Amino acid sequence: MFNRDRWKEILEVLTSNWFRTLLTAFGVFWGILILIILLAAGKGLENGIKADFGDIATNTMFIWTRRTTKAYEGLPKDRDFSFKIEDRALLENNFPELRFISPRNQLGGFRGGSNVIRGIKTGAYNIYGDYPEIINQDPMQITSGRFINHNDIQDKRKIAIIGEGVVSDLYDAGEEVVGTYIKISGVNFLVVGTYKKRNNDGDGEEGQKQIFVPFTAFSQAFNRADNVGWMAITAKDGTSITSLKESIVGALKEKHKVHPEDQRAIGYFDLYEQYNRVESLFGAMRFIAYFVGVLVLLSGIIGVSNIMLIVVKERTKEIGIRRALGEKPWSIRLQILMESIFLTLISGMCGISFGALFIYGVNALLDANGPVDMFLNPSVSMGVVVGSLTILVVSGLLAGFIPAQSAIKVRPIDALRTE
Amino acid sequence: MIEIKDLHKSYKMGSNSLHVLKGINFTAEEGELVAIMGSSGSGKSTLLNILGMLDEADSGEYNLDGVPIKNLSETKAAKYRNKFLGFVFQSFNLINYKSAMENVALPLYYQKVGRKEREEKAIKYLEQVGLKEWAHHLPNELSGGQKQRVAIARAMAAEPKVLLADEPTGALDSKTSYEVMDLIQNINDQGNTILVVTHEEDIAHMCKRIIHLRDGVIVEDKKIKQVRASSYVQ
């Protein structure tokens with residue numbers, strides 16, 4: 001099959017009419033190029049959007065309390081209530097599928113006044129009371145010192161981990177940060193660490209201007225008793241938080257004597273569902289890219305098939321001679337198929353290479369001109385390349401099949417008669 | 001060597017069918033040089049095509065070297081053609097993008113003979129037809145007579161049992177015709193069985209036996225005294 005004579009012949013046939021071969025090859029080249037570029041563009045958009053999620057654990061929901069809207073068990077409606085610190089244990093015991101449960105409290109926030117003082121400098125920051133687990137749900141990189149640990153929670157230590165943005169506001173350049181004190185709403189906290197967050201979207205700067213203190217110290221210092229502002233709950237891998245959220249909300253309603261049908265009393269945001277929605281959007285986009293790309297490729301393939309038919313027609317007499325000399329039909333079929341696959345594969349590989357070059361150029365341009373919103377690192381995986389090559393071989397086979405059949409259908413006597 | 005009994009063949013032309021061969025009986029021994037003559041439409045080419053397994057008879061028997069030729073699959077037919085038969089056509093039918101040597105080597109390629117041996121044999125046969133120096137030329141660089149000699153070399157390369165020539169001199173002038181016939185006679189002298197279809201009397205008389213076909217039947221079958229073509233060739 002792979003002997004020299006056969007290859008020599010394939011090359012002889014394909015090079016006998018360069019212009020025609022090139023035109024035919026261009027159809028396949030164009031098809032695969034479009035497929036690759038579409039897939040890469042889709043991937044770029046996907047990367048861009050996913051970067052907006054940052055490092056946040058996506059299998060997470062946030063849950064908070066609001067006012068009740070229904071009277072229940074002798075309690076009136078329009079009642080304010082709050083999650084309690086013991087709710088954490090309740091969820092832990094009832095839902096073994098949960099990985100992290102982080103009760104949180106917050107001070108300051110949007111348009112809050114200055115609440116942090118160091119020496120003569122002041123600033124307005126979000127102050128969070130947190131458990132150590134939060135670093136797994138809202139990941140940050142500790143750039144110096146350490147994060148909150150369980151002893152801090154236990155001993156209600158007044159310590160703080162501050163963002164790089166806070167450091168640049170309150171400290172002089174090069175100043176030692178860890179070991180200094182800052183005054184948060186009139187209470188002194190010892191800075192034990194600094195962090196940096198990786199986040200690509202607009203509030204990246206705000207992400208660096210936060211202060212984390214132990215939950216227990218926060219409650220004590222700012223008079224929150226055992227109240228919890230909201231909770232970030234992450235499920236274990238393999239269980240989606242979406243499937244758990246109904247029963248989590250149900251359990252909390254029961255605990256806090258909220259009417260089971262009160263839809264307003266407990267609010268939540270399901271990050272996983274949002275993420276999945278985006279995921280399925282990209283699934284649809286990939287499908288469209290393949291659909292359009294394969295269709296364009298198909299017209300190229302039909303071109304190849306067409307040309308192979310013409311080649312067979314032109315060589316009818318030659319095929320007749322060969323058969324008179326004793327060439328077997330399968331050998332003729334193989335010849336036509338190999339010519340078709342060879343042409344498809346070569347032009348397809350040119351298309352893939354050119355597409356890769358194009359993507360490389362776009363990436364270089366993106367790198368040079370800074371990040372573009374919602375578009376990051378367009379690329380195609382090795383899997384896509386292998387997939388495209390498979391598509392090419394299969395389509396080469398398909399393109400050659402009909403011409404090959406027509407080549408062996410001609411009886412040698414008829415082929416020889418054509419003058 | 002060749003044995004046919006009561007061979008019939010008809011072609012369908014639309015609604016009516018054309019009975020071309022109406023019961024042909026004929027035997028050819030090994031080493032014979034037979035001319036098949038007849039006017040156009042007499043069925044001589046059809047007969048040759050059937051003998052060459054390019055076409056199949058409707059009824060009748062055909063034995064080639066003791067092997068019955070009947071209901072062959074295309075693959076089997078290709079194998080038998082390669083093994084038993086060599087073809088020489090009026091229009092030479094060389095493959096025009098292959099050199100003379102490659103053309104001659106083609107039947108050997110289908111026999112899966114190795115490249116080197118193939119080329120050696122091709123050169124040997126080209127030498128026999130006096131075209132060794134032209135081995136690497138393409139057919140369109142050769143004259144008509146040279147092309148036909150390459151075609152004969154190609155037909156001989158597979159060492160077939162029977163050589164079938166369909167109007168081998170039809171496209172040549174008389175001088176080259178005689179040269180080609182001289183070559184055919186020489187090959188016959190070496191003991192090869194050859195069938196020549198022709199409508200030229202002088203060519204037919206260079207064979208050893210003439211069969212006349214008319215309207216699908218053999219009207220005359222006679223042994224003749226061979227005229228040596230070499231007497232015309234200087």
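How many bridges join strand 1 and strand 4 of chain B, and in which sense do they pair?

## The model

This is a predicted model: local features need pLDDT of at least 70, side-chain atom pairs count only at pLDDT 80 or more, and totals for chains, interfaces and linings use all residues. Residues are numbered from 1 along each chain as its sequence is written, while chains are lettered from A and ligands numbered from 1 in the order in which they are written.

## The sheet in chain B

Strand 1 (residues 2-13) and strand 4 (residues 59-64) of chain B pair in the antiparallel sense, over 5 bridges. Strands are DSSP runs (E, at least two residues), numbered from the N terminus; two strands pair if DSSP finds at least two bridges between them. Ile2(B) has Leu64(B) in strand 4 of chain B as its bridge partner.

The open sheet has 4 strands in the order 2-1-4-5. Strand 2 (16-28) and strand 5 (67-68) of chain B stand at the edges, each with a single partner strand, so one side of each has no neighbour in the sheet.

## Two helices in chain A

Helices are also DSSP runs (H or I, at least four residues). Helix 1 (residues 4-15) and helix 12 (residues 329-369) of chain A pack at an angle of about 65 degrees, their axes 10 Å apart. Axes are lines fitted to C-alpha atoms over the stretch in contact, and angles run from 0 to 180 degrees between N-to-C directions. Contact means C-beta atoms, placed from the backbone, within 7 Å. Among the residues making this contact are Ile10(A) of helix 1 and Phe342(A) of helix 12.

How values were computed
Two residues are in contact if their C-beta atoms, placed from the backbone, lie within 7 Å.
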